[in-house]
Amino acid sequence: MSDLQKNNSVSVLEVSNLNKKFDRLQVLENISFNVKKGEVVAIIGPSGSGKTTLLRCAAMLEKADGGTLSVGGVPVMTDGEYAGKTVLKAGRRKCGMVFQAFNLFPHMSVLENITDAPVHVAGVPKSEAVREANKLLSDMGLLEHASSYPCELSGGQQQRVAIARALALHPEILFFDEPTSALDPELTKEVLHVIRALAEEDMTMVIVTHEMDFAEMVADRIIFVADGKVVEEGAAGDLINNPVNERTKAFIAGLKGE
């Protein structure tokens, strides 16, 4: 999708003044950003800066303490007040989440991992769910592993299954939490290739990552978060190569070994 098309399209994710505390620790403070349909946004920042918490709050896996949140046009939280269960369920159905540690069900086969939610959550007929799962596995290059169990797969294969599982519910937005941090460089390439292919298909994505080269290559925009706040955001190439904020400059320089 062109930049012009993205700029003119509706927001799939709208976050305004999001706050989150764990006990007395302020983890997120007045975080605001939007993600347009077909846009890929990477979130970067030092460890402990609140990136994963931000992702989990945006995907409604973690309850925020305040702010406004809308997903796929569904206002799930307004001025710190969450909507009712029916609205929250509708909002969550629009989200797909890919975790750092894969989070596959170890007692289920690859095929069962992918079909479980469509059948038991979305009410999709099993034959249709299996057909869709096989297509996703084929797209991921994993069709021959449909009857395998997670423990029989490499980390890269497990993460590709996790991506297929998230896609099986046809989300409007995919969230990735450090999808390659548990993988070695060779397996990282497998997963990044899949994510890049999704970006080329205009899948809306928010990706927490420490892979700067990947972020610059696949993201339309990068948000730098530190101490629970948005410090700087901008076009991917601009933020990585010409950051404005001193904190961003120091972070990028540290990653580059400068």
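**A chat about Ile222 and its surroundings**

Biologist: Hi! Which residues does Ile222 touch, not counting those up to four places away in sequence?

Modeller: Ile222 touches Ala42, Ile44, Ala215, Glu216, Glu232, Glu233, Gly234, Ala236, Leu239 and Ile240, once residues up to four places away in sequence are set aside. Contact here means heavy atoms within 4.5 Å.

Biologist: Before we go on, what kind of model is this?

Modeller: This is a predicted model, where local features need pLDDT of at least 70 and side-chain atom pairs count only at pLDDT 80 or more, while totals for chains, interfaces and linings use all residues. Residues are numbered from 1 along each chain as its sequence is written, and side-chain values use heavy atoms, with hydrogens and water left out.

Biologist: Okay, back to Ile222. Which residues touch the most other members of the largest nonpolar core?

Modeller: Ile222 is one of them, along with Ile114, Ile163, Phe176, Leu198 and Met205, in a core of 48 residues. Helix H7 (residues 185-200) gives the most to this core, with 7 residues. Apart from it lies another core, of 33 residues, among them Val27, Met60, Val206 and Val225.

Biologist: And what makes a set of residues a nonpolar core?

Modeller: A nonpolar core is a set of buried Ala, Val, Leu, Ile, Met, Phe, Trp, Tyr and Cys residues joined through side-chain atoms within 4.5 Å. Buried means under 20% relative accessible area, exposed means over 50%, and partly exposed is in between (1.4 Å probe, protein chains only). In soluble globular proteins, nonpolar side chains tend to be buried together.

Biologist: Now the sheet. What is the order of its strands?

Modeller: The order is E7-E8-E9-E3-E10-E11, in an open sheet of 6 strands with mixed pairing. The edges are E7 (95-98) and E11 (229-235), each pairing on one side only. From one strand to the next, the twist averages 15 degrees. Strands (E, at least two residues) and helices (H or I, at least four) are DSSP runs, numbered from the N terminus. Two strands pair if DSSP finds at least two bridges between them.

Biologist: How many bridges join E3 to E10?

Modeller: There are 4 bridges between E3 (residues 40-44) and E10 (residues 221-226), which run parallel. Ala42 has Ile222 as its bridge partner in E10, and Ile43 has Ile223. E3 also pairs with E9 in the parallel sense over 4 bridges, with Val40 opposite Met205.

Biologist: How far apart are the end C-alpha atoms of H6?

Modeller: They are 18 Å apart, which agrees with the 18 Å that the 13 residues of H6 (residues 155-167) should span at 1.5 Å a residue. The expected span is 1.5 Å times one less than the number of residues.

Biologist: And H2, how many of its residues are buried?

Modeller: In H2, 6 of the 8 residues are buried, namely Lys51, Thr53, Leu54, Leu55, Cys57 and Ala58. Just after H2, Met60 takes a positive phi of about 65 degrees.

Biologist: Where does Lys63 lie?

Modeller: Lys63 is in the loop between H2 (51-58) and E4 (66-71). At 59% relative accessibility, Lys63 counts as exposed. Leaving aside neighbours within four places in sequence, Lys63 is in contact with Lys20, Cys57 and Tyr82.

Biologist: Last topic: how many disulfides are there?

Modeller: The count comes to 0 disulfides, a disulfide being a pair of cysteine sulfur atoms within 2.5 Å. For Cys95, the nearest cysteine sulfur is that of Cys57, 12 Å away. Cys95 is buried, with a relative accessible area of 13%, whereas Cys151 is exposed at 71%.

Definitions and conventions. Axes are lines fitted to C-alpha atoms, for helices over the stretch in contact, and angles run from 0 to 180 degrees between N-to-C directions.
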